[in-house]
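I opened my notebook today to look up a few things in this fold. Here are my entries, in the order I made them.

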Amino acid sequence: MNKFNLFKQDLSELYTNKVPINLGPSLSFRSRCEFGYSKNAYTMNDSSKTIYLNKFLYADKSIQQLMPKMLEVINESQIIKNKLFQINFRTNSNKKILVTLVYHLKIDELLIITIEEISKLLNIDIIIRSKNFIHATKDKYLKDNLEYLNLEIFQTDNCFYQPNKFLLNQMISKVINFIENPNDLIELYCGVGTFTLPLSKIFKNVFATENNRNAFNCLLKAIQRNNVDNIHAARLSSDEVSELESGRKFNRMGAVSIDSFNFSHILIDPPRSGLTNNVINTISKYENIIYISCSPQSYVRDVKLLGSHEIRKIELFDQFPNTEHLEIISLLQKK
């Protein structure tokens, strides 16, 4: 049984209507890739074995073209390859590439000078990291533009960003299409603002929360760059939002009071592990829940636990073809 039918089977007691599936290309779709480095090759782990490679067909074509060039440069330089153990790639819609090299050593001036030269040679931005140290050849932020209103969005080399370049904008459009009668929105796990920024054009006000400091700083940068004045952001975890709604005061809220909002919707986009019981109790109070999930298993579990709501709209996005993973976008409403 394929993953789509398996999910529909698991969902059958919760939702019996047709579930649309959005597909993309099976190759060259990943705009974010992470590899180990060993024996002069990129590495990936498959169960208990290590796979050595010099190319990766799932990566965006711009990354595919760079990978052998980058590997050749690294392997020719003892300065660069010494204690190098990880190589990460990110690219944006304009084919600009950010490469991160992660080291198990103290980075010295000679390595920095060498990396600056490689950055110019290959016309890419490079970040080098070791414990408690970071150096960027240019800006540590990678800017991208969303199709929706050409909004600018930012990511760093170590925060989450939606990896499928072909489905990202379709997912944003689908979330927007699910919205009816918007007032204010509260968002948990907002990340760098992938959905926050477009939805700020739909809702009167958005209260966006994110615990990861790097992602939160990207969100703040995007709010400023896009001149958005109706997003109120706070660096809070999902469980802290539950405590906030129970009356706890947080200095990170600044002058903003959660009581000043009139929330018609809540959006949640949790990690693969899904929702905690505290978060389930918190979101059950809202009329409309937009639940975005990257795990069919935790999604079905959470919706069953959320007995106060039922699925009204749901679609699947095959972000990772040829794997068991699925992205789910759904609208839950109170029964």
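Which residue stands opposite Y291 in strand 15? I looked it up, and I268 is the residue that stands opposite Y291.

A note on the source before I go on. This is a predicted model, where local features need pLDDT of at least 70, side-chain atom pairs count only at pLDDT 80 or more, and totals for chains, interfaces and linings use all residues. Residues are numbered from 1 along each chain as its sequence is written, and side-chain values use heavy atoms, with hydrogens and water left out.

**Entry: strand 15**
I found four bridges joining strand 14 (residues 263-268) to strand 15, and the two run parallel. Helices (H or I, at least four residues) and strands (E, at least two) are DSSP runs, numbered from the N terminus; two strands pair if DSSP finds at least two bridges between them. I then checked burial: six of the six residues of strand 15 are buried (buried means under 20% relative accessible area, exposed over 50%, partly exposed in between, with a 1.4 Å probe and protein chains only). N288, I290 and I292 lie on one side and I289, Y291 and S293 on the other.

**Entry: helix 10**
In helix 10 (residues 296-305) I listed P296, S298, Y299, V300, D302 and V303 as buried. Their cover includes helix 1 (3-11), helix 9 (277-283), strand 15 (288-293), strand 16 (309-317) and strand 17 (327-334).

**Entry: the cores**
Where is the largest nonpolar core best connected, and how many residues has it? I noted 38 residues, with V175, F195, L199 and L267 having the most contacts inside it. A nonpolar core here is a set of buried Ala, Val, Leu, Ile, Met, Phe, Trp, Tyr and Cys residues joined through side-chain atoms within 4.5 Å. Elements that each supply at least two residues of this core include helix 5 (168-178), helix 7 (213-225) and strand 15. A second, separate core has 37 residues, including Y15, I289, I314 and L316. I also looked up F195: leaving out residues up to four places away in sequence, its contacts (heavy atoms within 4.5 Å) include M171, V175, L267 and I292.

I traced an open, mixed sheet of seven strands in the order 4-3-2-5-6-7-8. Its edges are strand 4 (49-53) and strand 8 (133-136), each pairing on one side only. Strand 3 (residues 41-46) runs antiparallel to strand 4, with five bridges between them, and D46 has K49 as its bridge partner.

**Entry: helices 2 and 4**
Helix 2 (residues 61-75) and helix 4 (residues 109-122) pack at about 145 degrees, with axes 12 Å apart. Axes are lines fitted to C-alpha atoms, for helices over the stretch in contact, and angles run from 0 to 180 degrees between N-to-C directions. On the helix 2 side I found L66, K69, M70 and V73, meeting I118, L121 and L122 of helix 4. Helix 4 also lies across strand 6, strand 7 and strand 8, at about 155 degrees to strand 7.

**Entry: two asparagines**
Most residues other than glycine have a negative phi. I noted a phi near 50 degrees for N181, in the loop between helix 5 and strand 11 (184-188). N227 has a positive phi of about 55 degrees and is in the loop between helix 7 and strand 13 (231-234). N181 is exposed, with a relative accessible area of 69%, and N227 is exposed at 66%.
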